[in-house]
Amino acid sequence: MNTQMKLHLAKYRKYLAQEENVIVVFGDIDEIQTSRALYEERHGILSTSSETQNELLNACALAAASLSDRESWGWTLTLPESADGFFVGVEPEGMICTRLKPAEPDTKKVYLQRQKNDGPLMQSHFEPNSDSPARTVEQYFNAVVQTQTRIEIVGAAGILVQALPDCRFDAIRKMSTSELFSHFTTKRDAQELKPLVEFLVFYECRCDEKMVSEMVERLSQSDQQAVFDGQDTAEIECPRCGRTYVLSPNRTLN
């Protein structure tokens, strides 16, 4: 197998902590970062990797791994005092990708789309109250889903703890970050947590030439003409990952 095409799989493991009555998810972003670097090298994408973006990828992967059923997630965020906006997509089979875009000054918003299989598209909007990606994803569960959740990320390692019905979450909230990691890691290593599922996450985008061509086809006739501006081809970037596709007008214009 070509080394560049090898999937570097990050293992996000979900457990049940029966004593505390919580779901616990452990994850490590190292393999996602490796597969992202290979993906961007393969497609000539200029990397925008940063601590903030890595924290966001990790938090979104933890969130996806916490679900009972796999879903498609599309996060679009502008955090307080950030000059950048972020997109993160997570697919049911474990694909994750991200895109960095300029943000409007003094704008802070989160827009989330969720969809399970062929079910209805669910959309949520809220204003983030922190410049931390982990706190923002945590805020979604606490404020929108109304499920008590805590997410902590230290370096490449992440943990999500989520309350089940009748859980007393106050003790979880009071733990420091190191105490939270230590408490549940010790229990996991002592096999005191019940293993539930393992969610394998890797960096990849579901885009292809057909998808990007159809995206252009949905534009009005005048907008399509503006894209090509009389040229034989136009370079179109995938809005999810930044990969560039070269399209010709006869592939898109009606």
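Student: How many cavities of 30 Å³ or more does a search of the whole structure find?

Tutor: Rolling a probe the size of a water molecule over the atoms shows where empty space is left. On a 1 Å grid over the protein atoms alone, a cavity is a set of points where a 1.4 Å probe fits but cannot get out, while a pocket is an open set with protein on both sides within 12 Å along at least five of seven lines. Here the search finds one cavity of 30 Å³ or more. This is a predicted model, where local features need pLDDT of at least 70, side-chain atom pairs count only at pLDDT 80 or more, and totals for chains, interfaces and linings use all residues. Residues are numbered from 1 along each chain as its sequence is written, and side-chain values use heavy atoms, with hydrogens and water left out.

Student: Which residues line the largest cavity?

Tutor: Lining residues have an atom within 4 Å of a point. For the largest cavity they are Gly89, Glu91, Met95, Ile96, Cys97, Glu204, Cys205, Arg206 and Arg240. The space inside is about 30 Å³; such a volume is the space filled by probe spheres set on the grid points, which are joined across faces, edges and corners. Strand β5 gives the largest share of this lining, three residues. Strands (E, at least two residues) and helices (H or I, at least four) are DSSP runs, numbered from the N terminus.

Student: And which residues lie nearest the centre of the largest pocket?

Tutor: Look for Gly74, Thr76, Phe87, Tyr111 and Gln113, which belong to a lining of 24 residues. The pocket holds about 450 Å³ of space. Four strands, β3 (72-78), β4 (84-90), β5 (95-102) and β6 (109-115), each supply at least two lining residues, and β3 has the largest share with six.

Student: How do the residues of that lining divide by class?

Tutor: Ala, Val, Leu, Ile, Met, Phe, Trp, Tyr, Cys and Pro count as nonpolar, Asp, Glu, Lys and Arg as charged, and the others, Gly among them, as polar. In the largest pocket that gives nine nonpolar, eight polar and seven charged residues.

Student: What about the second largest pocket: how many residues line it?

Tutor: The lining has 15 residues, with Ile45, Leu46, Arg99, Cys241 and Gly242 nearest the centre, around about 200 Å³ of space. Helix α1 (30-42) and β5 each supply at least two of the lining residues, and β5 gives the most, three. Four are nonpolar, seven polar and four charged.

Student: Now the packing. Which residues have the most contacts inside the largest nonpolar core?

Tutor: A nonpolar core is a set of buried Ala, Val, Leu, Ile, Met, Phe, Trp, Tyr and Cys residues joined through side-chain atoms within 4.5 Å; buried means under 20% relative accessible area (1.4 Å probe, protein chains only). The largest core has 55 residues, and Tyr12, Trp75, Ile96 and Val137 have the most contacts inside it. Helix α2 (residues 51-65) gives the largest share, nine residues. Apart from this core lies another, of 16 residues, among them Phe26, Phe169, Leu180 and Phe184.

Student: What is Trp75 in contact with, leaving aside neighbours within four places in sequence?

Tutor: Contact means heavy atoms within 4.5 Å. The partners of Trp75 are Cys60, Phe86, Phe87, Val88, Val110, Tyr111, Leu112, Val137 and Tyr140.

Student: How many helices and strands are in the chain?

Tutor: The chain has eight helices and 12 strands, and 46% of its 254 residues count as buried.

Definitions and conventions. Buried means under 20% relative accessible area, exposed over 50%, partly exposed in between (1.4 Å probe, protein chains only).
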